[in-house]
Amino acid sequence: MKILVLGGDGYLGWPTALYLSRKGHEVGVVDNFARRQYDLEMGVDSLVPVRHLQQRVKTWREVSGLSIVPFIGDLTNADFTYRTLREFEPEAVVHFAEQRAAPYSMIDREHAVYTQVNNVVGTLNLLYAIAELNPDIHLVKLGTMGEYGTPNIDIEEGFIEIVHRGRTDVLPFPKQPGSFYHLSKVHDSHNIQFACRTWGLRSTDLNQGIVYGQETPETSAHSDLATRYDYDAVFGTVLNRFVVQAVVGHPLTVYGKGGQTRGMLDIRDTQACVELAIENPPAAGEYRVFNQFTESFSVAQLAENVASTLAADVDIEYLDDPRVEKEDHYYRAAHTKLLDLGLVPHLLSSTLILSLARTVEKNLDRVNFDAIRPTVNWRSTSSTLDTSDPLKMARA
Ligand code: NAD
Ligand code: USQ
């Protein structure tokens with residue numbers, strides 16, 4: 001198939017593009033390098049060096065003999081979005097291209113507005129372009145498990161049957177997202193569902209949990225093909241962060257009591273899930289939701305797991321939670337649809353934690369200790385940071 005991967009220079013987009021290319025698909029990638037710009041703004045960098053997109057594509061051609069076509073531009077620019085779809089003529093579009101860090105969206109008004117405009121407008125331009133150019137294109141959109149929040153009932157896959165005053169309907173599952181970033185995904189979901197209902201588009205919304213891991217068979221083929229490893233307090237996700245902290249001897253930064261429970265998955269399963277969604281497309285007009293995670297863990301469990309796997313004496317520090325979230329709650333979320341399609345998960349293992357630790361050890365000199373402790377506070381509308389001075393911000 002012809003598959004366009006939006007956000008194809010990012011942590012997940014790049015390895016997914018390689019994976020789909022190796023599977024014999026004709027792959028194009030779209031990116032505006034916003035992610036690289038956030039690093040410059042924050043004064044941080046991926047733990048593992050990442051090459052420029054052009055170098056990555058060239059090395060992939062040399063290593064595999066396969067081509068990936070890069071399109072450089074911004075999805076919030078409608079002309080660019082239309083032009084790219086016209087030129088590449090994809091049958092499926094995999095949409096990773098959003099600002100994806102909850103803390104970044106909570107820095108202040110400017111970052112919240114940027115996040116929502118970037119994410120919602122980019123997706124809206126895409127929906128219009130698909131509707132006008134080829135409504136048959138399957139939009140595989142990366143959403144988040146965080147759209148649901150942590151309700152005191154079981155979470156279903158997108159929809160829940162409700163009986164109200166003697167009448168019954170199947171309605172979107174209630175959303176209680178925990179940041180302006182997570183809210184942007186809820187807004188996207190509503191817009192996509194509306195476009196499917198109104199224009200007959202077909203879309204799969206992948207409500208993905210937190211991804212961990214950094215290597216895939218394709219990225220390991222050459223150091224130029226590596227994907228990002230974020231460990232800083234804004235873009236680093238919890239397990240990847242804890243492994244860096246344990247290796248460098250920093251206490252593991254558990255926020256609050258650590259009872260926050262989340263669905264998680266291995267980076268290799270992200271790719272398999274995207275592939276399963278593409279291979280089993282929805283009908284025209286259908287909007288469907290898959291909960292994309294394989295296991296649930298509390299933050300405290302993750303810290304204990306990393307500590308016991310890597311170093312028994314590493315400290316676990318329970319910090320005042322900089323976020324507004326439940327620290328102790330019920331959590332049970334359905335996730336059978338991808339398993340029913342054939343997903344065989346890579347469950348979290350000590351092998352994976354040890355291999356991440358080896359990656360950290362190889363890049364020890366690149367660890368920026370100033371980037372580890374949390375700096376963004378949900379309770380403050382301007383955080384404590386002066387965002388006009390990126391250097392001061394990185395030091396804070
Ligand atoms: P990332 O920031 O590494 O990659 C996103 C890419 O999209 C970046 O390369 C960025 O430059 C690009 N981009 C952003 N806005 C763009 C725009 N307007 N036009 C063109 N390109 C743009 O993020 P990631 O971790 O790879 O996540 C990818 C997607 O998966 C996101 O939508 C995220 O919400 C979702 N997701 C990620 C995780 C996770 O743990 N990483 C978990 C659940 C869902
Ligand atoms: N946490 C800690 N200590 C840390 C970092 C995080 O206790 O050092 C806690 C947070 O308070 C939170 C949990 O760990 O309760 C997860 O935080 P995270 O930063 O790993 O993940 P999150 O902010 O939820 O966002 C990530 C991705 C986002 C994706 C989301 C999936 O950045 O793109 O949408 O995971 S989900 O969590 O299902 O919403």
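Modeller: Let us begin with residue classes: Ala, Val, Leu, Ile, Met, Phe, Trp, Tyr, Cys and Pro count as nonpolar, Asp, Glu, Lys and Arg as charged, and the others, Gly among them, as polar. This is a predicted model, in which local features need pLDDT of at least 70, side-chain atom pairs count only at pLDDT 80 or more, and totals for chains, interfaces and linings use all residues. Residues are numbered from 1 along each chain as its sequence is written, chains are lettered from A and ligands numbered from 1 in the order in which they are written, and side-chain values use heavy atoms, with hydrogens and water left out.

Biologist: How many charged residues does the shell around ligand 1 have?

Modeller: Ligand 1 is surrounded by 28 residues, where being near a molecule requires a heavy atom within 4 Å of it. By class, this shell has 11 nonpolar and nine polar residues, and the charged ones number eight.

Biologist: Which residue has a polar backbone atom 3.0 Å from an oxygen atom of ligand 1?

Modeller: A polar contact is a pair of N or O atoms within 3.5 Å. A backbone N or O atom of Phe 96 lies 3.2 Å from an oxygen atom of ligand 1, whereas the distance of 3.0 Å belongs to Arg 35.

Biologist: How much of ligand 1 does the protein bury?

Modeller: Accessible areas come from the Shrake-Rupley method with a 1.4 Å probe. Taken alone, ligand 1 exposes 830 Å², and the share of this that the protein buries is 98%.

Note on methods. Polar contact = N/O pair within 3.5 Å; in protein donor to acceptor, adjacent residues only side chain to side chain.
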